[in-house]
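Biologist: I am new to this structure and would like to learn how to read it. Could you take me through it step by step?

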Amino acid sequence: MPHPAALVLAFFAVVLAPHAAPGAAAAPTAPARTEFQPGQVWRDGGGQPINAHGGGVLSHQGLFYWYGTHKIEGLSEAQHADGGVHAYASHDLMNWQDLGLVLPIDAPPSRDLTPGVNFDRPKVVYNSTTRRFVLFFKLYLRGHGTRVGFVGVATATGPAGPFVYQHKFLGGGSPEGTGDFAIFQDSDGTLYHLAVRKPDKALVVGKMQDDYLLPAGPYEVAAGITRATEAPAVLKRDGRYWLLASGSTGWAPNAARSFSASSLFGPWVDHGNPCEGVNPHNGLGPELTYGGQSTFILSLPGPTATHLAFFDINKPDHPYESLHVWLPISFETGRMTIPWRDQWSLGALPPATD
Ligand code: DGJ
């Protein structure tokens with residue numbers, strides 16, 4: 001029997017595909033992809049490598065939207081290769097149409113989103129009360145290094161943008177703000193900001209306002225997480241929260257880690273490294289997360305939910321060539337595991353067990 005998530009995606013493909021996203025490229029030139037191929041160049045419908053790094057996916061009205069940092073070809077991270085938020089649309093998560101830059105970095109030097117900013121890890125959520133799509137990103141101001149880390153906020157009235165920059169804030173209750181973060185929308189619509197506080201690298205958790213635009217109040221240190229933990233990504237399963245994250249080694253890969261808790265504030269139970277197997281394209285295994293670093297978890301709806309872990313294989317000298325690794329998360333052993341797969345499809349996954 002097909003996996004429930006595959007049925008959901010088949011429904012999207014058959015019923016909703018004709019409603020192309022605004023701005024979607026018309027005629028695909030690349031052959032349709034039928035499998036995920038982690039760690040290999042992933043091309044969009046026009047045949048170009050997907051340029052959306054440190055990103056995440058939003059599911060909205062039958063289409064998926066992939067948002068990530070656009071890396072400027074030919075530049076290195078040290079030269080500030082970050083060119084804004086690039087978005088793509090898909091009905092099956094494998095074949096993506098280019099929507100272009102939905103938030104460009106093109107403001108004059110006196111403004112925040114000017115070329116040369118350090119701009120990372122964009123994530124989008126939909127607020128059904130305000131009917132706004134809210135985009136969050138890591139923002140280090142041009143010429144100010146990485147000591148003080150802001151969260152930038154932009155909004156749009158549709159998932160394909162354009163997004164309009166609203167403001168930046170210092171999260172975590174610290175005057176130096178935060179580094180990496182996860183934005184997690186709970187089942188009741190409450191939005192949480194789980195972030196690495198500067199300068200002590202404690203993982204902190206705060207609620208956002210109902211309009212999602214600013215933190216609602218003080219943050220708490222996530223209990224049970226004692227090592228410097230970056231690149232957080234969260235899912236909820238049977239009322240329990242699961243956290244996937246990395247260590248703290250800049251752009252270089254390190255070993256992933258996983259935790260679970262009955263509250264986002266903890267106490268978090270450490271379940272160790274969820275990775276198993278080796279990425280044959282670079283020979284790297286769990287000790288270096290297949291060469292990647294976590295960025296997001298996509299939870300697909302259905303009677304037995306499927307959760308997909310996203311990692312970036314960062315190439316700081318040539319960020320445009322950074323690669324994507326998407327793998328299904330398994331809970332068969334009672335803990336989170338993310339085994340390597342050379343290629344896979346949603347239809348071939350075994351039903352998720354409760
Ligand atoms: C660690 C973060 O996890 C990455 O996304 C990136 O921001 C690097 N730091 C930059 O050094």
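**The nonpolar cores**

Modeller: Let's begin with the largest nonpolar core, which has 38 residues; Val57, Trp66, Leu93, Trp96, Trp326 and Met336 touch the most other members. Keep in mind that this is a predicted model.

Biologist: Which strands each supply at least two residues of this core?

Modeller: They are strand 2, strand 13 (230-237), strand 14 (240-246), strand 18 (293-300), strand 19 (306-313) and strand 20 (323-328). Strand 19 gives the most, with five residues. The core also draws on both domain 1 (1-19 + 58-221) and domain 2 (233-354), with at least three residues from each.

Biologist: What is the general idea behind such a core?

Modeller: In soluble globular proteins, nonpolar side chains tend to be buried together. For a case here, take tryptophan 326: leaving aside neighbours within four places in sequence, it is in contact with Phe36, Pro38, Trp42, Val57, Trp66, Leu93, Trp96, Ala309, Phe310 and Trp344. There is also a second, separate core of 26 residues, whose members include Leu58, Tyr65, Ala89 and Phe150.

Biologist: How much of the chain is buried?

Modeller: Of its 354 residues, 55% count as buried. The accessible surface comes to about 14,400 Å², and carbon and sulfur atoms hold 54% of that.

**Strands and sheets**

Biologist: How many bridges join strand 1 to strand 2?

Modeller: Six bridges join these antiparallel strands, strand 2 being residues 63-71. To find one of the bridge pairs, look for leucine 58, whose partner in strand 2 is tyrosine 65. You have met both names already, as Leu58 and Tyr65 are included in the second core.

Biologist: Now show me the open sheet with the order 5-6-7-8. Why is one side of strand 5 and of strand 8 left without a neighbour in the sheet?

Modeller: This sheet of four strands has antiparallel pairing too. Strand 5 (118-127) and strand 8 (164-169) stand at its edges with a single partner strand each, so one side of each has no neighbour in the sheet. Here the twist from strand to strand averages 25°. Strand 5 is joined to strand 6 (residues 132-140) by eight bridges, running antiparallel. Aspartate 120 has lysine 138 in strand 6 as its bridge partner.

Biologist: Is strand 18 largely enclosed or exposed?

Modeller: Strand 18 is largely enclosed by the rest of the structure, because seven of its eight residues are buried. Strand 18 pairs with strand 19 in the antiparallel sense over seven bridges, and isoleucine 297 stands opposite alanine 309 in strand 19.

**Backbone details**

Biologist: Which residues have a positive phi although they are not glycine?

Modeller: Two to look at are arginine 121, with a phi of about 55°, and arginine 131, whose phi is near 55°. Arginine 121 is in strand 5, while arginine 131 is in the loop between strand 5 and strand 6.

Biologist: Are these two arginines buried or exposed?

Modeller: Buried means under 20% relative accessible area, and exposed means over 50%. Arginine 121 has 4%, so it is buried; arginine 131 has 59%, so it counts as exposed.

Biologist: Where can I find cis peptide bonds?

Modeller: One runs from glycine 161 to proline 162, with omega near 0°. Proline 162 lies in the loop between strand 7 (150-156) and strand 8. Another runs from glycine 266 to proline 267, with omega near 5°, and proline 267 is in the loop between strand 15 (257-261) and strand 16 (269-272).

Biologist: And where is glycine 334?

Modeller: Glycine 334 is in the loop between strand 20 and strand 21 (338-339). At 54% relative accessibility, glycine 334 counts as exposed.

Key
Residues are numbered from 1 along each chain as its sequence is written. This is a predicted model: local features need pLDDT of at least 70, side-chain atom pairs count only at pLDDT 80 or more; totals for chains, interfaces and linings use all residues. Side-chain values use heavy atoms; hydrogens and water are left out. Buried means under 20% relative accessible area, exposed over 50%, partly exposed in between (1.4 Å probe, protein chains only). Accessible areas come from the Shrake-Rupley method with a 1.4 Å probe; for residues, only the protein chains shown count as cover. Two strands pair if DSSP finds at least two bridges between them. A nonpolar core is a set of buried Ala, Val, Leu, Ile, Met, Phe, Trp, Tyr and Cys residues joined through side-chain atoms within 4.5 Å. Domain bounds come from an automatic or database domain assignment. Contact means heavy atoms within 4.5 Å. Axes are lines fitted to C-alpha atoms, for helices over the stretch in contact, and angles run from 0 to 180 degrees between N-to-C directions.
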